[in-house]
Amino acid sequence: MSKTSVLFFIKNLGGGGAERVLVDLLHRLNPEKFDITVRTIFDEGIYRNQLPAHVTYKSTLPKEFPGFVHLAKLFSRKTLYNFFIKEKYDITVAFLEGITTRIASGCNNKETKLISWLHLEQKYKSVYLKPYRSLKEMEISYNSFDYICSASHFALDSLKSIIHLKPANGVFHNIIDTEAIIRKGAEEITEITFPRDIIRLGSVGRLTHQKGYLRLIRVLGRLKQDGYNFQFYLLGKGDEEQEIRSEIRKNNLESVIHLLGFRENPYKFIRNFDLFIGSSYYEGFSLVICEAAILGVPAIATFVSGLDEITNTTNQYSYTVENSEDGLYNGLKKLLDDRSIIDNLKHHCLQSARFFNTAAAADKVSELFLSLITRK
């Protein structure tokens, strides 16, 4: 029996959550069934070195450059597909919303099954429309796919609220490799020393507007002025780094906020946090909050897409607050005043690993692939 050829198409393999999910998924898909290729638009990203040996890697352009998305809008979807992808595959997966979805939708090979993988809620018009010429083109693009996968119900519902969605669709929660997270979390930290007599707050993510770190720094400044004693550690890189550094200086927080940059193993740092902070304006499925929970670290998080699918009545390990600066401030203030809430959340975290079934999640993806290629 011949293998099914599958292309995963993504912008780059940078250090984001979706890229990490893709790498974990690739390690779980059966190489005896699937001949897998990963193609990126830009040959960038730490996860290029973590692809399984049986996966073929290809890229088109060496580095991302300013104005690329606007330049791409000058060309039709078909022209872009023929330039960036060219080859024929049984299945092509656009693994992120945005420009990769627009490009993949330009495939005109009737034998290729197309999948769009949605990670983020479509909350801000300026964000979801950025790669498209119009809302109509966005609708046409999504309706060119055979199936829409979503990391959360909320993200899928948000897409349905702005366009009429014809293809079959479903929710595929992100794969989480609990064994690897626990193993990496146990590694020794030699780079810094964490204080043991002060509450340790932390976060991990790209330093971009989406993650809300500028407003979080303002919140931490207010808490410091209120007399609260804490240390905050932020892991990640991104285009808002200089603004974040300026905000830290503006709020006189150099002694309590520590920017640690991108770390290939963030888990050994997360394990040393007392409380993880999710300050995002919008998300898909908040992978890092699940990962923190697996390491026994509870979270406080703004309400975003997928969060209600993480925190439920049997597994409450995130304290959810209003998605605003005041929501973060009031929530953090309450937890710092009443540590018993953090202790209760931590109790649930220690039971969280059993809720994530990595093998079952990968099997669900395999079943989808095989079902699509058997359709006439």
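Rings of Phe, Tyr and Trp, the last taken by its six-membered ring, form a pair if their centres lie within 6.5 Å. The views below show a predicted model.

**View 1. An aromatic cluster.** Ring pairs join Phe8, Phe34, Phe95, Trp117, Tyr147, Phe172 and Phe369 into a cluster, and a search of the whole structure finds 16 aromatic pairs.

**View 2. The edge-to-face pair of Phe65 and Phe68.** The ring centres of Phe65 and Phe68 lie 5.6 Å apart with the planes at 85 degrees, so this pair is edge-to-face. Phe65 is partly exposed, at 33% relative accessibility, whereas Phe68, at 5%, is buried.

**View 3. The pair of Phe194 and Tyr233.** Phe194 and Tyr233 are also edge-to-face, with 4.7 Å from centre to centre and 65 degrees between the planes. Because Phe194 lies in the loop between helix H8 (178–185) and strand S8 (199–204), and Tyr233 in strand S9 (residues 230–235), the pair ties together parts that are 39 residues apart in sequence. Phe194 is buried at 7% relative accessibility, and Tyr233 is buried with a relative accessible area of 4%.

**View 4. The largest nonpolar core around Val93.** This core has 55 residues, and Val93 is among those with the most contacts inside it, as are Phe8, Ile115 and Phe369. Beyond its neighbours within four places in sequence, Val93 is in contact with residues including Val6, Leu7, Phe9 and Trp117.

**View 5. The largest cavity.** About 60 Å³ of space lies in this cavity, whose lining includes Val21, Leu25, His173, Asn174 and Val365. Helix H1 (17–28) and helix H16 (358–373) each supply at least two lining residues, and the lining divides into seven nonpolar, two polar and no charged residues.

Methods: Residues numbered from 1 in each chain as written. Predicted model: local features only at pLDDT ≥ 70, side-chain atom pairs only at ≥ 80, totals over all residues. Heavy atoms only, no water. Core = buried A, V, L, I, M, F, W, Y, C linked by side-chain atoms within 4.5 Å. Buried < 20%, exposed > 50% of the residue type's maximum accessible area, 1.4 Å probe, protein only. Contact = heavy atoms within 4.5 Å. 1 Å grid on protein atoms, 1.4 Å probe; cavity = no way out; pocket = protein on both sides within 12 Å on 5 of 7 lines; lining within 4 Å. Points joined across faces, edges and corners; volume = space filled by probe spheres on them. Helix = DSSP H or I, 4+ residues; strand = E, 2+ residues; numbered from the N terminus. Nonpolar A, V, L, I, M, F, W, Y, C, P; charged D, E, K, R; others polar. Phe/Tyr/Trp six-rings, centres within 6.5 Å; stacked < 30°, edge-to-face > 60°.
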